[in-house]
Amino acid sequence: MERRELLKMIAVLTGTAFIGGGSFLSGCNNADAGPVEFSQANLDFLNEVGETILPATATPGAKAANVSKVMKAVVTDCYDLAAQPVFLGGIKMINDASNKKFNHSFLEATPPQREELVKEIDKEAREYQKTKKKDDMDHYFTMMKQLTLLGYFTSEVGAKQALRYVPIPQRYDGCIDYHKGDKAVY
């Protein structure tokens, strides 16, 4: 069995959608990749969206992990030409939704307003994902949310401060005691 087939089977069995439109399963060698441009304003915006999804609490949030850097790398290197404009168009869509709801841009919104808006867009994205056809692109917010989680939990900040970081891998122990409030092991 090929690795790609195994990953597809795991995704189907667990119901997990990986990083937009099959990009995870096709690898990061995107021969069709065009000149996608991320301005510093776009990167700042994506960090703020990420911070709304994973805010700083007792541990640093997504902005501290600079999740926009991972988003940029994955979108430019892994997403195909059809998925890239969907992702980038999401920035405009979030700003438009904020302007419609609050009469100002997402970046000018207060944290409670941002959270309210993101919850509404997330609900919309979940409904879209339920009804989309197999060949349709993922919802732009689904892509942003997945890349936020990927960027955060693979960063040093996320791995060492949000998870229980074990610096030296040891033997596998499938039966680890869990106590309420324990962090996941990384």
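Mentor: A salt bridge here is a side-chain nitrogen of Lys or Arg within 4 Å of a carboxyl oxygen of Asp or Glu. The model is predicted, so local features need pLDDT of at least 70 and side-chain atom pairs count only at pLDDT 80 or more, while totals for chains, interfaces and linings use all residues. Residues are numbered from 1 along each chain as its sequence is written, and side-chain values use heavy atoms, with hydrogens and water left out.

Side chains of opposite charge can pair when their charged atoms come close. Searching the whole structure gives 11 salt bridges. One of these joins E116 and K101, at 3.1 Å from N to O. Helices are DSSP runs (H or I, at least four residues; strands are E, at least two), numbered from the N terminus. E116 is partly exposed, with a relative accessible area of 36%, and K101 is also partly exposed, at 35%. The classes are these: buried is under 20% relative accessible area, exposed is over 50%, and partly exposed is in between, with a 1.4 Å probe and protein chains only.

Next, the pair of E48 and R114. Their closest N and O atoms are 2.6 Å apart, and they form a salt bridge. E48 is in helix α3 and R114 in helix α6, so the pair ties together parts that are 66 residues apart in sequence. E48 is buried, with a relative accessible area of 16%, and R114 is buried at 12%. K63 joins E48 and R114 in a network of salt bridges. The side chains of E48 and K63 also make a polar contact of 2.6 Å. A polar contact is a pair of N or O atoms within 3.5 Å; within protein, one must be able to donate a hydrogen and the other to accept it, and residues adjacent in sequence count only if both atoms are side-chain atoms. Neighbours within four places in sequence left aside, E48 is in contact with K63, F106, L107 and R114, where contact means heavy atoms within 4.5 Å.

Helix α6 also holds D122. D122 forms a salt bridge with R126, 2.8 Å from N to O. The two are four residues apart in helix α6, which means they are separated by about one helical turn. D122 counts as buried at 13% relative accessibility, whereas R126 is partly exposed at 45%. The side chain of D122 also makes a polar contact of 3.1 Å with that of K145. Leaving out residues up to four places away in sequence, D122 touches F141 and K145. D122 and T142 are 7.5 Å apart in space, C-alpha to C-alpha, and 20 residues apart in sequence.

Residues up to four places away in sequence not counted, F141 touches V49, I53, I94, V118, I121, D122 and A125. A nonpolar core is a set of buried Ala, Val, Leu, Ile, Met, Phe, Trp, Tyr and Cys residues joined through side-chain atoms within 4.5 Å. The largest such core has 34 residues, of which V49, Y79, F87, I94, F141 and M144 touch the most other members. Two or more residues come from each of α3 (40-53), α4 (67-77), α5 (83-102), α6 (111-131), α7 (140-153) and α8 (156-162). The largest contribution, six residues, is from α7.

At 1.5 Å a residue, the 20 residues of α5 should span 28 Å, which agrees with the 28 Å between its end C-alpha atoms. The expected span is 1.5 Å times one less than the number of residues in the helix. After α5 comes N103, whose phi is positive, near 65°.
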